[in-house]
Amino acid sequence: MNTSDRHHAASLKPNRRELLGLSAAAAGAWASTALKSAVAADGVEPVRTAVIGTGGRGSDLIRSLTTIEGCDLVAIADDYPPHLEKAAKFAGPQAKPYSDYHKLLNEVKPAAVIIAVPLYLHYQVASDALQAGCDVFCEKTMCHTVDEARKLAEEVDSAKAVFQVGLQRRANPIYQQAAAMVQSGVLGQVTAVKAQWHRNNNWRRPVPVPKGHADWTKLERKLNWRLYRDYSGGLMTELGSHQLDVVNWLLGDIPKRVIASGGVDYWRDGREVFDNVFCLYEYELPPLAGPRPDPNAAALPNGGTSETSLKPYTVRVTYSSLCNNAYEGAAELVMGTKGTLYLTSNKGLFYREKLADDVGWSAKKTADGGSVDASVVTSGKTLKLSNSPWAHRGEPLEIDNLLGDDTRDELVSFLDHVRRDDVQTICDAREGLRDTATVLTANRAIDEQTSLAIPRV
Ligand SMILES: NC(=O)c1ccc[n+]([C@@H]2O[C@H](COP(=O)([O-])OP(=O)(O)OC[C@H]3O[C@@H](n4cnc5c(N)ncnc54)[C@H](O)[C@@H]3O)[C@@H](O)[C@H]2O)c1
């Protein structure tokens, strides 16, 4: 957060619940899920934890785990020696390194296993860890196929294991608060979502031997697994899974169907996964109770009360991911009849709709006696071109990130659930299955050039 952001956020304090019009119960929902950092503060034994897959993400997770009091990092495994050696330095001497994860599971018998191998191995490694009696944290996307995800969710159920998918926005206070705001009706009827993750790079990792070397192809595939379909679902599984999970969470359901388009259009370098994807998901949600606040209702043929008011409400969600333009970055825009949420991992903004005045919104007093108001969006009237993308929308309310490291927070939460043997994690295998079905069906819709129903999982 920069200084002016910080100043702005401070000026909106202190009573966010009041400010956002949340009920006490709804505010409690997000406050109670805010994570406590001192897992081992009550003197209970730390969790004997192992990490399998110590590449980029595995190393990040190891660095976080070593800062968590309730974690005893006892072993790490990777079948690529350079990654294992590098990670061993972060993990510390107490973490025994293994090149074969089966051996780790047999010898060390950790209580919890953190899995950060490429997507195509998630099912097998997670299943082996469950068989070995471990609780499991598995990086997103949960599985490479919907069938694998279904099987894994069943195995988790029958093992009664604690299982969490590494979708860290679930541990992020911004997204927790956004979910509470949507669920308690602060946004009114959510009518549409626009989300994207746009970047401008080739998404490749360098290969440490020259092209033509006997090992080049093998190493290139190993390091750039993301770019090949045997190992990866490309942009939808690597990036989209985070954001579609947020949408599923906020809307409380998975989509009914998806239309999508994508291709390998710019980076024609031998990759097999799309370098750009555009999806349109349709969710069918129950409409909010009560008539729509239409000033001309009395003049309408049905007097403004609709006999179709129980009909499911279709919410359309657009999602795109690019590797050749970074302008919009990564964000989700959740649009409701009373307001709009603009969400990123570091910042959440709420913009009020003008209509919200008519349905109970009022500006609140600040601690220093002034008054703050959310942005008023009046479509058409205030929409004008500007160099600053959000300037025309006035001052939004900022939702600050209370803790600031959602990766660490998700691990703290997982270990806490392991210690309490509580299978209701912040993103369990059923949620992981729903997310897997959501993103993989878009890939299939692109391949088959057709609209597809999302499997009811
Ligand atoms: N949650 C997030 O924000 C986030 C960010 C990045 C990656 N990820 C996920 O983490 C996972 C790993 O991604 P990454 O970027 O670290 O990839 P990576 O290629 O850097 O690391 C994967 C590691 O797994 C190792 N591995 C492969 N097969 C193995 C085996 N049989 N036994 C032991 N180790 C094996 C590889 O040698 C490599 O070191 C992916 O599922 C990815 O989607 C999540």
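**Strands, a helix and a ligand**

User: Which residue is the bridge partner of I115 in β5?
Analyst: C138 is the β5 partner of I115. Keep in mind that this is a predicted model.

User: How many bridges do β4 and β5 have, and in which sense do they pair?
Analyst: There are 4 bridges, and β4 pairs with β5 (residues 135-139) in the parallel sense.

User: What is the strand order in the open sheet?
Analyst: The order is β3-β2-β1-β4-β5-β6. That makes 6 strands, with parallel pairing.

User: Which strands stand at the edges?
Analyst: β3 (96-98) and β6 (163-166) do. Each has a single partner strand, so one side of each has no neighbour in the sheet. On average, neighbouring strands are turned by 20° against each other, ignoring direction.

User: And where does α5 lie?
Analyst: Across β2 and β3. α5 runs at about 170° to β2.

User: New topic. Which residues of α4 are buried?
Analyst: G58, S59, L61, I62 and L65 are. They sit on the same side of α4, because they cover an arc of only 160° around the axis.

User: Now the ligand. How many residues surround it, and which are closest?
Analyst: 24 residues surround the ligand. The closest are G53, G55, R57, Y80 and E139.

User: Which element gives the largest share of that shell?
Analyst: Helix α4 (residues 56-65), with 3 residues.

User: What classes are in the shell?
Analyst: 10 nonpolar, 8 polar and 6 charged residues.

Definitions and conventions: Residues numbered from 1 in each chain as written. Predicted model: local features only at pLDDT ≥ 70, side-chain atom pairs only at ≥ 80, totals over all residues. Near = placed C-beta within 6 Å. Helix = DSSP H or I, 4+ residues; strand = E, 2+ residues; numbered from the N terminus. Nonpolar A, V, L, I, M, F, W, Y, C, P; charged D, E, K, R; others polar. Buried ≥ 20, exposed ≤ 12 C-beta atoms within 10 Å, placed from the backbone. Arc of directions from axis to C-beta. Pairing = 2+ DSSP bridges. Axes fitted to C-alpha atoms, helices over the stretch in contact; angles between N-to-C directions. Contact = placed C-beta atoms within 7 Å.
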